[in-house]
Amino acid sequence: MKDDFEPTIIGFLCRWCSYAGADLAGTSRLQYPPSMLPIRVMCSSRVDPVFIITAFLRGADAVLVAGCHPGDCHYIEGNYYTRRRFACLRKIFETLGMESDRIRLSWISASEGPRFAQVVTDYTDKIKKLGPNPAKKEIFL
Amino acid sequence: MSKVLRISKGAEQGVQELLKFLLESGKVKGVLTLTKINNSGAVDYSLITNSEMLKDTLPLFPLMPANAGKLLSRLTLKSALAEPIAVVVKPCELRAFIELVKREQGSLENFLFISSTCDGVYPLEISSNGEVAKKLSKYWDAVKKGDIAPDIRPTCSCCEHFLPYNADITIALIGENIDKECAVFLTTEKGKKSVEGMKGQLVEGELKTQEVKNLLNKREANKKKLFDDPALMQDGLSGLIETFGRCIGCHGCSRVCPICYCTLCTFDSKDYENEPSTYETELKKRGGMRVPPNTILYHIGRLTHIGISCVGCGMCTDVCPVDIPLSTIFLKVGGEVQQTFNYIPGKSVEEKVPLTIFEKEELTEVED
């Protein structure tokens with residue numbers, strides 16, 4: 001039964017690096033699982049932690065936030081703020097005893113098509129092992 | 001060691017005397033402190049300019065009708081004070097105000113901060129009918145002994161920051177002979193200048209006495225007990241649903257929270273409401289959903305927004321109509337977040353809120 005499980009991963013991809021990296025993976029015809037729903041954002045720092053929690057509570061099996069490598073942000077320093085907010089959210093997940101593996105922060109540049117494919121493949125495998133998000137069937141959220 | 005002015009009067013009277021001196025000598029133009037409301041037994045913060053009205057003040061009363069941090073922010077939101085005023089606040093209220101000032105929601109200018117070593121405050125539910133008055137003798141006994149006072153707010157009973165940061169004047173209460181003497185610690189230059197000319201004995205003293213250290217140990221132990229108590233909240237989503245499931249969505253906790261300052265809170269806005277299509281897709285997935293939705297989202301969302309600055313004042317637990325132990329949860333989770341960034345909210349006004357700054361090389365453990 002568990003083998004049939006295809007996770008849904010919400011990906012917040014920064015418009016300048018990670019989204020372009022995803023594009024490159026596509027144009028390079030790299031194979032990776034169709035589990036990720038990309039949402040393009042202008043910068044990874046546009047992602048309020050509340051977006052991530054919303055996706056998670058609405059039943060996303062995982063949420064990926066991806067942006068430019070530190071130092072390469074199109075807006076100079078946006079991704080540094082992302083990292084702090086993400087660390088904060090992750091700590092909250094851990095302290096509340098929620099599965100912090102279901103949220104992930106990765107840096108993928110526009111030239112890293114293969115890395116993008118790899119990240120999605122690895123993360124999908126990991127979430128497959130973890131199983132579906134328990135929030136999916138909850139009514140009293 | 002710092003300078004202490006010893007006034008040979010009870011602590012409460014001593015502070016009244018101090019306020020009277022400050023007002024009458026013109027060193028401050030006003031005083032903000034807890035004051036009796038008529039004879040109803042209730043107390044509230046009031047601004048006073050007439051020194052005769054000081055007899056109705058209760059500067060050290062163990063109650064927090066509103067977090068004064070929020071009130072000071074409201075006084076100075078539009079512009080800084082033009083005239084100096086003295087405020088008598090609890091240490092966590094001062095910390096909350098400092099956090100608000102960092103968020104440009106107030107100004108420190110022209111404030112003379114008077115605070116005290118604090119043994120906590122009583123929950124608001126016993127604030128009426130003179131119930132606090134019945135407990136006062138036990139409270140002051142605990143203060144004198146340096147014990148955790150009985151029946152105080154849960155977060156007070158585990159508060160480790162009961163020695164005020166940033167106060168100009170600190171009244172020593174914990175472990176002191178408060179019936180006979182009022183020890184006024186002058187912790188800043190401004191504090192020293194403000195009492196120049198006042199009657200009393202100026203000596204050297206130490207605020208961090210053995211009693212204070214002992215109380216800190218007791219509080220630390222109590223904190224561990226409170227946080228590790230399985231009854232507080234079960235781990236994981238099921239625990240969240242159980243604890244926050246009874247939330248009625250009044251948002252009172254954010255209304256009284258001194259850190260929640262947004263007047264257009266996202267959780268009160270239309271953005272927070274579901275589109276009809278969202279209900280439709282959610283129902284397709286689940287076959288049923290709670291109305292109103294997004295309760296858990298609201299609470300975790302608030303944790304991400306203010307957890308970093310939570311001072312654990314306990315206002316949220318007090319106003320919760322369904323008795324969710326909010327402040328204990330927020331202090332526990334917020335405390336972990338604060339530790340990640342090695343941050344003590346309200347300790348220093350120069351230290352920026354960690355989420356507004358960054359280091360180029362850090363936190364690689366959260367990246368994958």
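Which residues touch the most other members of the largest nonpolar core? Of its 143 residues, they are A:Val63, B:Val87 and B:Val184. A nonpolar core here is a set of buried Ala, Val, Leu, Ile, Met, Phe, Trp, Tyr and Cys residues joined through C-beta atoms within 7 Å; buried requires 20 or more other C-beta atoms within 10 Å of the residue's own, with C-beta atoms placed from the backbone.

This is a predicted model, in which local features need pLDDT of at least 70, side-chain atom pairs count only at pLDDT 80 or more, and totals for chains, interfaces and linings use all residues. Residues are numbered from 1 along each chain as its sequence is written, with chains lettered from A and ligands numbered from 1 in the order in which they are written.

As to confidence, the complex receives an ipTM of 0.93 and a pTM of 0.94 from the predictor. Chain B has a mean pLDDT (per-residue confidence, from 0 to 100) of 94, and 100% of its residues reach 70 or more.

To return to the core, helix α3 of chain B, residues 91–102, gives the most to it, with seven residues. Helices are DSSP runs of H or I, at least four residues, numbered from the N terminus. Because domain 1 (2–227) and domain 2 (230–366) of chain B both contribute residues, the core lies between them; the bounds come from an automatic or database domain assignment.

I turn now to the contact between the chains. Chain B supplies 36 residues and chain A 37, where contact means C-beta atoms, placed from the backbone, within 7 Å. On the chain B side, α11(B) provides the largest share, seven residues.

Notes:
Contact = placed C-beta atoms within 7 Å. Helix = DSSP H or I, 4+ residues; strand = E, 2+ residues; numbered from the N terminus. pLDDT = per-residue confidence, 0-100. Buried ≥ 20, exposed ≤ 12 C-beta atoms within 10 Å, placed from the backbone.
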